Amino acid sequence: MNPSADKGDAPPEAAVAAGSSTAAKPEGRTIDSGKGRVFPCERCGAELVFNIGDQRLKCPHCGFEKEIVVPANAAVAEQDFRAMIDRLKQRAVARTEAEQKEETENHIRCEGCGAEIVFVGTLTSSECPYCGCLVQRENVHTGGWRIPVDGMLAFAVTRENAAINLSAWIRSRWFAPNEFQKRGATGKFNGIYLPFWTYDALAACAYEGQRGEWYYVTVKNGDNETQERRTRWWPASGQFERFFDDVLVAAASGIQRNLIDGLQPWPLKDCRPFSQEVLAGFVSRTYDVELEDGFALARTAIDSALAQDVRQRIGGDEQRVDGIRTQLGALTFKHILLPVWMLAYRYHDRTYQVLVNACTGEVDGERPYSGWKIAFATVLAALGAAAVYYLSQHS
């Protein structure tokens, strides 16, 4: 986000007054030709934010609360993958240069102070750097040239509880420096909704390989006899089907994928239909990993799981896999938003990143390592191995 002050006209008071006639709209105010949305309190006019404890919109100033109403016909539904890919290709041909620019950059006027906020790339909601007003880009998550959001999980873990979980996580890092374990990671948690794809697929798999079974033979060497293990190989083949449900792929770049993956599992069965109001008070992003690129990552996970299945089906003591042929059918997907607490902190002039699953409280992140602790553990392991060897030779 690149903010730039609007040197045009209205002072902050005029900007507020201009929007006061629509302050009581329950669906929120629409500003700048439908590109931005805020949610004013119907009692005092301040901004409503999503309250994690109450799971509703709440005014931090006067305490006014408002239920988030979900339409009766709203549902989190699977979408046809191949049909969407075809539509995206058709859209790509039809898009003009101006429409492509509008997709990646939007100018929104802040109603709190009149400043102009520039949303660049995949950021869809943010805080005005001049007055703190929370502003959202309109329609980015619900249509236009981008794939709409099908569902979301709301924040369930408060900032305070996320900090408690982080402290416990730090104390459990045995190889972290003592100073870091005592001082912890200092900084401010930021709540953000990250985009994800989920993929469903029915895999039909045929495989060929060999099953290895161990047997032992006695080998004489002079007066000594030893048992040597040999492997007898048998051909193995078969076919099976497996349904993959909600293979999860992060659709946002710029965050280490291994950290995001470390937050699993998510309670995806609890996904609710998308609601702009639930984003109120939090930063959110839309996807920059395209649907087809995300499926390539999901396919890697599917192939790895199938390879494990094949080895289990071959059985025996060892397995050789000569070939696996897979066909995927019934391909569907969902575009969802998941809540994460993010913290970037510095320790000894290096920046580390920590993520907290805002549904389950699971923590994953980067941390410093203590060189002397690692060296000490290495020495202990070497001494232990030497002791085992000594005892085995003298038993």
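**Exercise 1. Describe how helix α2 begins, how far it reaches, and which way its residues face.**

*Solution.* Begin at the start of α2, where a side-chain oxygen of Asp80 comes to within 3.1 Å of the backbone nitrogen of Arg82. A polar contact is a pair of N or O atoms within 3.5 Å, where within protein one atom must be able to donate a hydrogen and the other to accept it, and where residues adjacent in sequence count only if both atoms are side-chain atoms. The model is predicted, so local features need pLDDT of at least 70 and side-chain atom pairs count only at pLDDT 80 or more, while totals for chains, interfaces and linings use all residues. Residues are numbered from 1 along each chain as its sequence is written, and side-chain values use heavy atoms, with hydrogens and water left out.

Next, take the length: α2 covers residues 81–94, which is 14 residues, and spans 20 Å from its first C-alpha to its last, close to the 20 Å expected at 1.5 Å a residue. That expected span is 1.5 Å times one less than the number of residues. Helices (H or I, at least four residues) and strands (E, at least two) are DSSP runs, numbered from the N terminus.

Then sort the residues by accessibility, where buried means under 20% relative accessible area, exposed over 50%, and partly exposed in between (1.4 Å probe, protein chains only). Phe81, Met84, Ile85 and Leu88 are the buried residues of α2. They lie on the same side of α2, because they cover an arc of only 100° around the axis, the arc being that of the directions from the helix axis to the C-beta atoms. An α-helix has 3.6 residues a turn, so residues three or four places apart point the same way. On the face turned away from the buried side, α2 carries the exposed residues Lys89, Gln90, Val93 and Ala94.

**Exercise 2. Identify the nonpolar cores and the elements that contribute to the largest one.**

*Solution.* A nonpolar core is a set of buried Ala, Val, Leu, Ile, Met, Phe, Trp, Tyr and Cys residues joined through side-chain atoms within 4.5 Å. The largest has 35 residues, and Leu166, Tyr193 and Trp341 have the most contacts inside it. At least two residues of this core come from each of α4 (159–171), β17 (318–347) and β18 (350–357). A second, separate core has 30 residues, including Phe81, Ala203, Val289 and Ala305.

**Exercise 3. Trace the salt bridges and state where their partners lie.**

*Solution.* A salt bridge is a side-chain nitrogen of Lys or Arg within 4 Å of a carboxyl oxygen of Asp or Glu, and by this rule the count comes to 14. Start with Glu67 and Arg56, whose closest N and O atoms are 3.2 Å apart. Glu67 lies in the loop between β6 (65–66) and β7 (79–80) and Arg56 in strand β5 (residues 56–58), so this pair ties together parts that are 11 residues apart in sequence. Glu67 is partly exposed at 47% relative accessible area, and Arg56 is partly exposed at 24%. Both belong to a network of salt bridges that links Asp54, Arg56, Lys58, Glu65 and Glu67.

Continue with Lys269 and Asp245, whose side chains meet in a salt bridge (2.8 Å, N to O). This pair links distant parts of the chain, 24 residues apart, with Lys269 in the loop between α6 (257–261) and β15 (272–273) and Asp245 in strand β14 (residues 224–250). Lys269 is exposed, with a relative accessible area of 67%, whereas Asp245 is partly exposed at 35%.
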